[in-house]
Amino acid sequence: MTDRRQVRATSGFFEDLDRQLGPERGPNGEPSTTDFQTIELLRIIDRFAEQFDDLPELIPDRSDYRVLLTSGMLVRPLNVVGQLAPDGAVELVSIDIDLAWG
C-alpha cells in the first residue's frame with residue numbers, strides 16, 4: 001500500500017470554483033459548486049493524495065507543484081494545481097474548468 005498524503009483545498013481553489021460554477025445549477029444543466037464538490041472533488045483529492053509524485057510537474061524542475069489534467073463526470077476537461085506544503089500535505093491552489101468544451 002502506498003503512502004497517502006493529506007490534501008487540503010485553499011481559499012484560492014474555492015474562489016476559482018465559485019467564479020466558474022454558480023451556486024445553483026445553470027439553465028442548460030451546468031453543475032453548481034455543490035454538485036462539483038459532491039461528485040468531483042473527492043476523486044480529485046484521492047488522486048493528489050495517492051499519486052502526487054506521479055503527476056506532471058507544473059513548472060520544470062519544481063517538483064513541489066503538480067498538475068492534474070483530467071475529465072470529470074460533470075465537467076470536462078479540467079485541471080487542478082497542487083502544491084506540496086512544508087508539512088508534507090498537498091494544497092489544492094487552483095482549478096480551471098473548460099465549460100465551453102463539448
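Biologist: In what order do the elements of the chain run from the N terminus on?
Modeller: The model is predicted, so local features are taken only where pLDDT is at least 70. The chain holds three helices and five strands. From the N terminus on, the order is β-α-α-α-β-β-β-β.

Biologist: What radius of gyration does the chain have, against that of a compact globule?
Modeller: The C-alpha trace spans about 40 × 25 × 25 Å along its principal axes. A compact globule with 102 residues would have a radius of gyration near 13 Å. The value for the chain agrees with that: 14 Å.

Biologist: What percentage of the contacts between residues at least 6 apart join residues at least 24 apart?
Modeller: Contact here means heavy atoms within 4.5 Å. Among contacts between residues at least 6 apart in sequence, the share joining residues at least 24 apart is 48%.

Biologist: Which residues of helix 1 are buried?
Modeller: Helix 1 covers residues 11–20. On its other side, Ser11 and Arg19 are exposed. The buried residues are Phe13, Asp16, Leu17 and Gln20.

Biologist: Within what arc do the buried residues of helix 1 fall?
Modeller: Look down the axis of helix 1. Its buried residues line one face of the helix, because they fall within an arc of 95°.

Biologist: What covers the buried residues of helix 1?
Modeller: Both helices and strands take part. The helices include helix 2 (33–39) and helix 3 (41–51). The strands include strand 1 (7–9), strand 4 (78–84) and strand 5 (90–97).

Biologist: Which residues touch the most other members of the largest nonpolar core?
Modeller: In soluble globular proteins, nonpolar side chains tend to be buried together. Here the largest such core has 19 residues. Helix 1, helix 3, strand 4 and strand 5 each give two or more residues to this core. The residues touching the most other members are Phe36, Phe48 and Leu92.

Biologist: Which residues does Phe48 touch, not counting those up to four places away in sequence?
Modeller: Phe48 is one of the core residues that touch the most other members. Its partners include Arg66 and Gly82.

Biologist: Is Glu40 buried or exposed?
Modeller: Glu40 is found in the loop between helix 2 and helix 3. Leaving aside neighbours within four places in sequence, Glu40 contacts Asp35, Gly72, Met73, Leu74 and Val75. Buried means under 20% relative accessible area. At 1% relative accessibility, Glu40 counts as buried.

Technical notes. Residues are numbered from 1 along each chain as its sequence is written. This is a predicted model: local features need pLDDT of at least 70, side-chain atom pairs count only at pLDDT 80 or more; totals for chains, interfaces and linings use all residues. Side-chain values use heavy atoms; hydrogens and water are left out. Buried means under 20% relative accessible area, exposed over 50%, partly exposed in between (1.4 Å probe, protein chains only). Helices (H or I, at least four residues) and strands (E, at least two) are DSSP runs, numbered from the N terminus. The arc is that of the directions from the helix axis to the C-beta atoms. A nonpolar core is a set of buried Ala, Val, Leu, Ile, Met, Phe, Trp, Tyr and Cys residues joined through side-chain atoms within 4.5 Å. The radius of gyration is taken over C-alpha atoms; the globule rule is 2.2 Å times the number of residues to the power 0.38.
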